[in-house]
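Here's a quick tour of how the chains in this assembly hold hands. Have the viewer open as you read.

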Protein chains: 6
Amino acid sequence: MNRHERYEHGMKVLEQVDGEAGQRVVDSLADVSPELGHQVVAWAFGDMYARPELPPRDRQLVTLGVLTALGGCEIELEVHVNAALNVGLTPSEISEALLHSAVYCGMPRAINATLVAKKVFGQRGLLPITNAG
Amino acid sequence: MNRHERYEHGMKVLEQVDGEAGQRVVDSLADVSPELGHQVVAWAFGDMYARPELPPRDRQLVTLGVLTALGGCEIELEVHVNAALNVGLTPSEISEALLHSAVYCGMPRAINATLVAKKVFGQRGLLPITNAG
Amino acid sequence: MNRHERYEHGMKVLEQVDGEAGQRVVDSLADVSPELGHQVVAWAFGDMYARPELPPRDRQLVTLGVLTALGGCEIELEVHVNAALNVGLTPSEISEALLHSAVYCGMPRAINATLVAKKVFGQRGLLPITNAG
Amino acid sequence: MNRHERYEHGMKVLEQVDGEAGQRVVDSLADVSPELGHQVVAWAFGDMYARPELPPRDRQLVTLGVLTALGGCEIELEVHVNAALNVGLTPSEISEALLHSAVYCGMPRAINATLVAKKVFGQRGLLPITNAG
Amino acid sequence: MNRHERYEHGMKVLEQVDGEAGQRVVDSLADVSPELGHQVVAWAFGDMYARPELPPRDRQLVTLGVLTALGGCEIELEVHVNAALNVGLTPSEISEALLHSAVYCGMPRAINATLVAKKVFGQRGLLPITNAG
Amino acid sequence: MNRHERYEHGMKVLEQVDGEAGQRVVDSLADVSPELGHQVVAWAFGDMYARPELPPRDRQLVTLGVLTALGGCEIELEVHVNAALNVGLTPSEISEALLHSAVYCGMPRAINATLVAKKVFGQRGLLPITNAG
């Protein structure tokens, strides 16, 4: 694949996984770092995410763990909570994954990530979550 | 103690230490991760904070250090600057603790934490601080 | 459950998930912080890990993401790569999860975690991994 | 130099490098931690930044790397993207430096820093950047 | 104070607080970054640590929190566990401070810091600790 | 370029920049995550590092800042201190860059990175450094 084809391939993966939320992040980079936008699409989604060695649901569990631990990634976490829902994780499973992360990166990071999840769940009419208490 | 008693015990500690600010964080979790709210109260405050091996004032000095170093914990830092005042640290001591942390985690983290402290001090009519210059 | 019963319950979970590697970490804490050892067993495994809302395989994907992102957790990552194998993740899936994390926390963290996985895979006779290229 | 002279010396460096953006951060600390403001000026700029062993342009490349990797430093990054422009880095070079950092600290940190750069570039009429795609 | 006097002043503070462990770190920097060694002594200890607004015992609680949260600071944590003992914190209080930090930065960071404390306590004949279970 | 050509292109860049140290890291991944090794070479070096928008010397200043701030990247920092020397940074400039980073990410991270630089400088007969005190 050439550069353009790699981008097109990645965009298809991004659209399936992240929907509009991912597209908005890429759009926001267009006038300041078009290459970063290209790499997010062509490399992160086209080359890496699309690999068949791990299904999307598993990838989102890893991603939720990484973004929660990093902290300060509210924009990206919003994209990836949406993505997690899109690839089949339930709100209860997402909340539980963030609760689980508290053991390893502490309560504040878990609370911050959970409040991002709350925002996304609210936007999609998924609150209150069930089966997590 | 059973699960409910552990929660009640933790809530008493939380109320003494954090007052309304802590309660608001727990409330914000109710519809998205009630178990995280439960663990903050029952485990973090009931099991851990209440241990007599270290008094609350000492715990808040450690907590200020951890939250400043982590970064991106403005919500939690606001709770814990309030808590620090509630358990007997003065505004001057809190500012100095954050200044001290600059040596170990750098100026930006210390500035960010200090601006959260400023917000809390302002809400409680404690600005300008005295005896810290 | 009382304190002792919570510990016993957590120890059963820890033994199923982490085997000897987890036990060694708890043992290493016995003379310096027995309460930290207790909390790892009773709270982290007994209260949190054992919750049915997320199966162990999913929990380990989140944990691998968190520990890779945190960095500097070689001891804990060694425990949790073992745990990941114990609960059904294949070496190929673990390597892919760590590769995936590179997108979100960068190449150095992913490399460091992968070298810990290599050590564990080597100890268990699982090198070279197959089906991951 | 005495304490006051060290401050004056640092203020001259800060004004050359950071302009108004740096001054605003120092001003914001005046009533909550005047000593932190003093140390930012007298130590960070007067003692450290002013050293001739590395020119300002090189220092800003290092600073951009550090602040991008830390995350959660939007306030400071805004100051230092301004500073980077002031000491001779072009918008294209700054964007590329942040893109480069993605390899080592991941896409989310690089995206966050790039969006801060976008804000600063926009304020200074430098969007869209040229020569970076 | 001139540069040399600031160094001498800082060295007196460092010797009181850190003893040999701090001196060894400074010595290790002599041939690669003498200025970093100078700044550790003259600025970190002479200008910052010596300020009377917070006593040494309080400073060490903050420092333990910061270093535990940062992770990957085993060398510095070894110095500062020694320092904590030197300024009056007991082994039990230090262990409890690290246990407390687990709430905010997670179990792995707390375990790692506790194992450094164990090493220092062992070197000083303070194991097993008492009154912490 | 196809997958193999991208790898070959990246390997040429890696050899120029990192020499043997980079090759050793890639080799160490061969049996556990050949795809991570491929991505380090083909993407990090071939696609990203080779871009002409920023020269190698500037890239290494950013990289030193990122790796110092991340912490726990001794393996990668060793590669990149070597790389920094290979692309024209002097030992004095590298030490100064790490000293500079102390302002933004604190003394412990700067000390740790400087001790890695010391190891590399020693291996290449460059100690003691000159012109940095």
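## Where chains C and A meet

Let's start with charge: six salt bridges turn up across the interface of chain C and chain A. Sorted by type, the residues on the side of chain C that touches chain A come out as 18 nonpolar, eight polar and seven charged. Keep in mind that this is a predicted model.

As for the extent of the contact, 33 residues of chain C touch 32 residues of chain A. About 3100 Å² is buried between the two chains, and carbon and sulfur atoms account for 69% of that. You'll also find 10 residue pairs in polar contact between chain C and chain A, counting pairs with both residues at pLDDT 80 or more.

The side chains of Arg57(A) and Asp58(C) form a salt bridge at 2.7 Å, N to O. That pair runs between chains, from helix α4 (residues 56-70) of chain A to helix α4 of chain C.

Asp58(C), at 4% relative accessible area, is buried.

## Bridges elsewhere

Over all chains, the whole structure holds 72 salt bridges. One of the salt bridges links the side chains of Arg59(D) and Glu96(F), at 2.9 Å, N to O. Because Arg59(D) sits in helix α4 (residues 56-70) of chain D and Glu96(F) in helix α6 (residues 91-105) of chain F, this pair joins two chains. Arg59(D) is buried at 1% relative accessibility, and Glu96(F) is buried at 2%.

Another salt bridge connects Arg6(D) and Asp47(E), at 3.6 Å, N to O. This pair also crosses between chains, going from helix α1 (residues 3-17) of chain D to helix α3 (residues 34-49) of chain E. Arg6(D) counts as buried at 11% relative accessibility, and Asp47(E) does too at 15%. There's a salt-bridge network as well, linking Arg3(A), Glu35(A), Glu96(D), Arg51(F), Glu53(F) and Arg59(F).

## Symmetry

Rotate chain C by 120°, with 0.0 Å of shift along the axis, and it superposes on chain E with an RMSD of 0.0 Å. The two copies are therefore related as by a three-fold rotation axis. Within chain C, Gly72(C) comes closest to the rotation axis, with its C-alpha at 2.9 Å.

Key: Residues numbered from 1 in each chain as written. Chains lettered and ligands numbered in written order. Predicted model: local features only at pLDDT ≥ 70, side-chain atom pairs only at ≥ 80, totals over all residues. Heavy atoms only, no water. Contact = heavy atoms within 4.5 Å. Buried area = accessible area lost by both parts, 1.4 Å probe. Salt bridge = Lys/Arg side-chain N within 4 Å of Asp/Glu carboxyl O. Polar contact = N/O pair within 3.5 Å; in protein donor to acceptor, adjacent residues only side chain to side chain. Nonpolar A, V, L, I, M, F, W, Y, C, P; charged D, E, K, R; others polar. Least-squares fit on C-alpha atoms with pLDDT ≥ 70 in both. Helix = DSSP H or I, 4+ residues; strand = E, 2+ residues; numbered from the N terminus. Buried < 20%, exposed > 50% of the residue type's maximum accessible area, 1.4 Å probe, protein only.
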